Amino acid sequence: MTDVSVVDFVTQIRSGEALASFPTDTVPALAARPDQSERIYATKERPADKPLILMGANLADLLPYVSGRDDELSYWHRITERYWPGALTLVLPASDRVPPQMNPLQTGTIGIRVPNHALARYLLARTGPLATTSVNRSGQPALETMADIAAQFPELLLLSEAAIANLKTEIGDFTLAASGVPSTVVRWHQGDWQVLRQGAVRME
């Protein structure tokens, strides 16, 4: 287990030196700099046909990674104003800024999300958008506690207890407990949404 300060956490993620885990509003994230995504696939033994989600602190940080017409961008913005931060992942046309490692099958899309979790957004604001997925071996249930993550994935960076305590003072209280309910995933296709996974959010 590698418990670190916020500074070390951000520095090692931004440099691409390490993989990390942090709490979100659904399940804890396994995260890497986007161009280091192949390390997530190797760590999880994840099949190449399962793309990763790009998580960011806000929509503005994620927009460079998507591509759409002005009317589409305006509509997507309205959707995010209603449901973000929250447990809704939007799968949108990808821009050329998305590293190929994030989507080995090169489907031309990227899933994006802003989590409804103060700690996650605080970290993402400092690391920049990160490639993320749940913390587990592929095909196994997502791990929901930092203790389980530390035991099964000791190579991952985790914030130390002291760092978490200091952040609760700085940004307000937050929970480390996961809801256990994954995000809803919807894909933009020919001007409408297709539900790929029904999760915590139901879009009207």
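**Figure 1. The whole protein at a glance.** What you're looking at is a predicted model: local features need pLDDT of at least 70, side-chain atom pairs count only at pLDDT 80 or more, and totals for chains, interfaces and linings use all residues. Residues are numbered from 1 along each chain as its sequence is written, and side-chain values use heavy atoms, with hydrogens and water left out.

The secondary structure comes to 7 helices and 10 strands. The radius of gyration is 16 Å, close to the 17 Å that the globule rule gives for 204 residues, so the protein is as compact as a globular protein of that length. (The radius is taken over C-alpha atoms, and the rule is 2.2 Å times the number of residues to the power 0.38.) Helices (H or I, at least four residues) and strands (E, at least two) are DSSP runs, numbered from the N terminus. Along the principal axes, the C-alpha atoms fill a box of roughly 45 × 35 × 30 Å.

Figure 2. Of the 204 residues, 49% count as buried. Here buried means under 20% relative accessible area, exposed means over 50%, and partly exposed is in between, with a 1.4 Å probe and protein chains only. Take the contacts with a separation of 6 or more: residues 24 or more positions apart account for 67% of them. A contact means heavy atoms within 4.5 Å. As for charge, the mean positions of the 18 positive and 22 negative charges are 3 Å apart. Lys and Arg count as positive and Asp and Glu as negative, while His and the chain ends are not counted; each charge is placed at NZ of Lys, CZ of Arg, CG of Asp or CD of Glu.

**Figure 3. W84 and the cis bond beside it.** W84 sits in the loop between α4 (70–83) and β5 (88–93), and P85 is found in that loop between α4 and β5 too. The peptide bond from W84 to P85 is cis, with omega near -5°. For background, most residues other than glycine have a negative phi, and most peptide bonds are trans. W84 counts as buried because its relative accessible area is 10%. Leaving aside neighbours within four places in sequence, W84 is in contact with L59, L62, L90, I112, R113 and V114. Look at R113 in particular: W84 and R113 are 29 residues apart in sequence, and their C-alpha atoms are 7.8 Å apart in space. A polar atom of the W84 side chain also lies 2.8 Å from the backbone oxygen of L88.

**Figure 4. S183 and its neighbours.** S183 is in the loop between α7 and β9 (184–189). With a relative accessible area of 3%, S183 is buried. Its side chain is joined to that of T89 by a polar contact of 2.9 Å. (A polar contact is a pair of N or O atoms within 3.5 Å; within protein, one must be able to donate a hydrogen and the other to accept it, and residues adjacent in sequence count only if both atoms are side-chain atoms.) Not counting residues up to four places away in sequence, S183 touches T26, I53, A87, L88, T89, R113, R197, G199 and A200.

**Figure 5. Helix α5 and what it packs against.** The buried residues of α5 (118–127) are L119, A120, Y122, L123, L124 and T127. They pack against α1 (6–14), β2 (20–22), β4 (53–55), β7 (130–134), β8 (157–159) and α7 (161–171). Just after α5, G128 takes a positive phi of about 85°, and just after α1, G16 takes a positive phi of about 80°.

**Figure 6. S160, between β8 and α7.** S160 is placed in the loop between β8 and α7. Its relative accessible area is 16%, so S160 counts as buried. A polar atom of the S160 side chain lies 3.1 Å from the backbone nitrogen of A163. Beyond neighbours within four places in sequence, S160 is in contact with D3 and V4.

**Figure 7. Q106 and Q190, with positive phi.** Phi of Q106 is near 55°, a positive value in a residue other than glycine. Q106 lies in the loop between β5 and β6 (109–113). Phi of Q190 is near 55°, again positive in a residue other than glycine. Q190 lies in the loop between β9 and β10 (192–197), and Q190 is exposed, with a relative accessible area of 74%.
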